[in-house]
Amino acid sequence: MQPELEDRLMTKYPELFRGRTKPTSESLMAYGCQCGDGWYGLLDVLCDQLMVTGREVGEIPEIVQVKEKFAALRVYLATTPTPDQWVALRFAERLSIRICDKCGSMADDVRVWRYGWHRTLCVSCADQEGYVAMSQRWMPHRRTHRSEEHTSELQSQSTISYAV
């Protein structure tokens with residue numbers, strides 16, 4: 001992420017990024033936000049949610065790392081997240097795979113691309129960056145349909161009886 005966007009986040013949420021100047025053995029925020037600019041808006045909303053949930057429990061969490069991993073946003077805290085914070089972190093992670101990490105577009109044409117690294121890019125950004133689409137051979141093999149007889153056979157085999 002560009003330093004200007006990082007600074008904007010860290011100025012807006014100094015309590016969350018209070019470990020920014022700590023040594024890397026304690027916090028990896030010295031490396032900054034290791035993700036694309038397109039996720040700035042998502043990070044802003046996540047930070048706001050972490051502040052709200054932190055105030056509710058009386059302890060603002062400390063963010064120790066922000067990065068992209070396997071084409072998804074990952075945010076790590078110094079302490080164990082509360083259930084509400086966990087929900088916010090997982091929601092942002094799952095939403096990030098639908099948002100281009102370069103331009104921030106959120107549309108049906110956002111895909112995961114492969115070129116050495118996994119990234120979430122829209123089609124136009126992938127073309128600009130020289131990425132190619134992940135082919136189906138990288139995806140787990142799944143059947144898209146089964147015959148009705150086979151489906152009913154599987155259902156009858158998995159029927160569980162309950163004693164009353």
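Q: Is Arg90 buried or exposed, and what is its relative accessible area?

A: A residue counts as buried under 20% relative accessible area, as exposed over 50%, and as partly exposed in between, using a 1.4 Å probe and protein chains only. Arg90 has a relative accessible area of 18%, and therefore it is buried. Please keep in mind that this is a predicted model, in which local features need pLDDT of at least 70 and side-chain atom pairs count only at pLDDT 80 or more, while totals for chains, interfaces and linings use all residues. Residues are numbered from 1 along each chain as its sequence is written, and side-chain values use heavy atoms, with hydrogens and water left out.

Q: Where is Arg90 placed, and what does its side chain join?

A: Helices (H or I, at least four residues) and strands (E, at least two) are DSSP runs, numbered from the N terminus, and Arg90 lies in helix H3, residues 83-96. A polar contact is a pair of N or O atoms within 3.5 Å; within protein, one must be able to donate a hydrogen and the other to accept it, and residues adjacent in sequence count only if both atoms are side-chain atoms. The side chains of Arg90 and Glu93 are joined by a polar contact of 2.6 Å.

Q: How many helices and strands are there, and in what order do the elements run?

A: The protein chain holds five helices and five strands, and from the N terminus on they follow the order α-α-β-β-α-β-β-α-β-α. Of the 164 residues in the protein chain, 37% are buried.

Q: How is the span of a helix checked, and what span should H2 have?

A: The expected span is 1.5 Å times one less than the number of residues in the helix. Helix H2 (residues 40-57) has 18 residues and should therefore span 26 Å, which agrees with its end C-alpha atoms being 26 Å apart. H3 has 14 residues and should span 20 Å, and this agrees too, because its end C-alpha atoms are 20 Å apart.

Q: Which residues of H2 are buried, and what covers them?

A: The buried residues of H2 include Tyr40, Leu43, Leu46 and Leu50. Contact means heavy atoms within 4.5 Å, and what covers the buried residues of H2 includes helix H1 (3-12), strand S1 (63-69), strand S2 (72-77) and H3.

Q: How are two packed helices described?

A: They are described by the angle between their axes and the distance between the axes. Axes are lines fitted to C-alpha atoms, for helices over the stretch in contact, and angles run from 0 to 180 degrees between N-to-C directions. Angles under 35 degrees count as roughly parallel, over 145 as roughly antiparallel, 65 to 115 as roughly perpendicular, and the rest as oblique. The axes of H2 and H3 come within 9 Å and cross at roughly 170 degrees, so H2 is roughly antiparallel to H3.

Q: Which residues of H2 and H3 meet?

A: Among those of H2 are Leu42, Leu46 and Leu50, and among those of H3 are Ala88, Leu89 and Ala92. In sorting residues by class, Ala, Val, Leu, Ile, Met, Phe, Trp, Tyr, Cys and Pro count as nonpolar, Asp, Glu, Lys and Arg as charged, and the others, Gly among them, as polar. The contact of H2 with H3 has seven nonpolar, five polar and two charged residues.

Q: At what angle do the axes of H1 and H2 cross?

A: These axes cross at roughly 10 degrees and come within 11 Å, and H1 and H2 are therefore roughly parallel to each other. The contact is made by Leu5, Arg8, Leu9 and Lys12 of H1 and by Tyr40, Leu43 and Asp44 of H2.

Q: Are Phe70 and Ala71 buried or exposed?

A: Phe70 has a relative accessible area of 58% and is therefore exposed, whereas Ala71, at 0% relative accessibility, counts as buried. Phe70 is found in the loop between S1 and S2, and Ala71 is found in that loop too. Phi is positive in each of these residues, which are other than glycine, being near 50 degrees for Phe70 and near 70 degrees for Ala71.

Q: What does the side chain of Thr120 reach?

A: The side chain of Thr120 reaches the backbone oxygen of Ala71 at 2.6 Å. Thr120 is placed in strand S4, residues 117-122, and counts as buried because its relative accessibility is 0%.
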